[in-house]
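Colleague: Hey, I've just opened this one and have never seen it before. Can you walk me through it?

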Amino acid sequence: MTSPSHPAVRRAAFAVSIAAAGAIALAGHPALAAIGDAIQKFACSSSNACLTATNRGSGPAIVATSNNYNGIQATSNTSAASAVYGFNSQSGYAIAGRVKGSGTALFADAGGSGGIGVLVFGGSFSSQTLFEGQNNGVAKFTVDNSGNLAVSGLLFSAGGCHAGCSLTHRAVSYASTASEPTLEDAGESAVRGGVAHVALDPAFANAIDRHSRYLVFVTPEGQTRGLYVAQRTDGGFVVRDADANANVPFAYRVVARPYGIRAPRLPMVDGLVQASHLVTGVR
């Protein structure tokens with residue numbers, strides 16, 4: 001019969017003690033008992049990680065399974081950090097989720113008023129993609145760092161369409177070009193007793209070059225004997241009718257030069273250029 005002091009017996013007793021206690025603890029070994037307590041209620045005060053795991057092979061470093069609750073649950077008690085943080089030094093995923101069946105791979109709950117369910121912070125690159133949805137490796141939905149949205153399919157809305165679109169179709173629009181920089185405003189007024197005094201909108205008047213003459217185009221909206229622009233000033237213009245007793249509404253369009261821009265008329269350039277440097281001046 002093997003002696004209780006035999007090394008094999010001592011090793012077997014050590015393994016049985018671990019299984020029975022559910023933690024690393026062994027009677028008569030205070031250091032091991034302390035390790036068992038630390039595993040059950042782990043706490044530290046350090047700028048480094050309290051617990052680390054490294055797998056130098058091809059498997060995971062940590063695997064957690066729960067039959068009735070969260071496999072891993074983390075809590076952070078500061079607003080300056082995250083409860084869960086992922087970092088990948090290569091080209092893989094920092095955080096990935098996969099679901100079998102009808103579940104959800106990634107779930108986010110803002111939790112209260114003013115909270116954000118998902119916050120994506122991009123870098124300083126304008127071409128960086130913040131969100132991308134793929135189908136068989138092909139991007140179908142992307143949002144870049146400049147807020148540009150690209151959808152390869154149809155865009156549906158349960159609400160109304162604000163402008164230039166419908167619930168199922170997209171309207172193509174075009175921008176007109178001009179021979180020189182202009183700033184326009186439009187509106188409606190009416191001739192009363194053969195005359196109308198129209199004041200320029202203050203914001204429009206502040207944005208145009210008042211040292212240059214502006215153009216006024218009028219369109220009568222009723223019977224008239226002849227509607228014309230009689231006078232133009234820095235603050236507005238006068239429209240008259242050939243009939244001194246005329247009372248007729250009209251629409252107008254004002255075309256002026258923007259303030260602070262001295263771009264030439266139809267300059268000849270080589271190739272295609274962008275005029276993004278031509279910015280309207282501010283008074």
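Predicted model: local features only at pLDDT ≥ 70, side-chain atom pairs only at ≥ 80, totals over all residues.

Colleague: OK, what pLDDT does the protein chain average?

Modeller: The average is 77, and 73% of the residues score at least 70. pLDDT is the predictor's confidence in each residue, from 0 to 100.

Colleague: And where does pLDDT stay under 50?

Modeller: Residues 8-28 are one such stretch, and the model has 20 contacts beyond four places in sequence for them. Residues 275-282 also stay under 50, with nine contacts of that kind. A contact here means heavy atoms within 4.5 Å.

Colleague: Switching topic, how many helices and strands are there?

Modeller: The chain has three helices and nine strands. Both are DSSP runs numbered from the N terminus: helices are H or I with at least four residues, strands are E with at least two. From the N terminus on, the order is α-α-β-β-β-β-β-α-β-β-β-β.

Colleague: What share of the contacts join residues at least 24 apart?

Modeller: That's 46%, counting contacts between residues at least 6 apart in sequence.

Colleague: Now charges. How many salt bridges does the structure hold?

Modeller: Three. A salt bridge is a side-chain nitrogen of Lys or Arg within 4 Å of a carboxyl oxygen of Asp or Glu. One of them joins the side chains of Glu180 and Arg257, at 3.0 Å from N to O. Glu180 sits in the loop between β3 (149-151) and β4 (183-192), while Arg257 is in the segment after β9 (247-256), so this pair links distant parts of the chain, 77 residues apart. Glu180 is partly exposed, with a relative accessible area of 28%.

Colleague: What about Arg253, which side chain does it meet?

Modeller: Arg253 meets Glu184 in a salt bridge, 3.1 Å from N to O. Here strand β9 holds Arg253 and strand β4 holds Glu184, 69 residues apart. Both are partly exposed: Arg253 has a relative accessible area of 35%, and Glu184 has 43%.

Colleague: And Asp209 with Arg262?

Modeller: Their side chains meet at 3.6 Å, N to O. Asp209 lies in the loop between α3 (202-207) and β6 (215-220) and Arg262 in the segment after β9, so the pair ties together parts 53 residues apart in sequence.

Colleague: Is Asp209 buried or exposed?

Modeller: Asp209 is buried, at 6% relative accessible area, whereas Arg262 counts as exposed at 62%.

Colleague: I've also got my eye on Asp241. Which strand is it in?

Modeller: Asp241 is in strand β8, residues 236-241. Asp241 is buried yet has no salt bridge, and Arg225, the nearest side chain of opposite charge, is 6.3 Å away. For charge, Lys and Arg count as positive and Asp and Glu as negative, with His and the chain ends not counted.

Colleague: So what does the side chain of Asp241 have beside it?

Modeller: One of its polar atoms lies 2.8 Å from the backbone nitrogen of Asp243. Beyond four places in sequence, Asp241 touches residues including Val191, Thr224, Tyr228 and Val248.

Note on methods
Residues numbered from 1 in each chain as written. Heavy atoms only, no water. Buried < 20%, exposed > 50% of the residue type's maximum accessible area, 1.4 Å probe, protein only. Polar contact = N/O pair within 3.5 Å; in protein donor to acceptor, adjacent residues only side chain to side chain.
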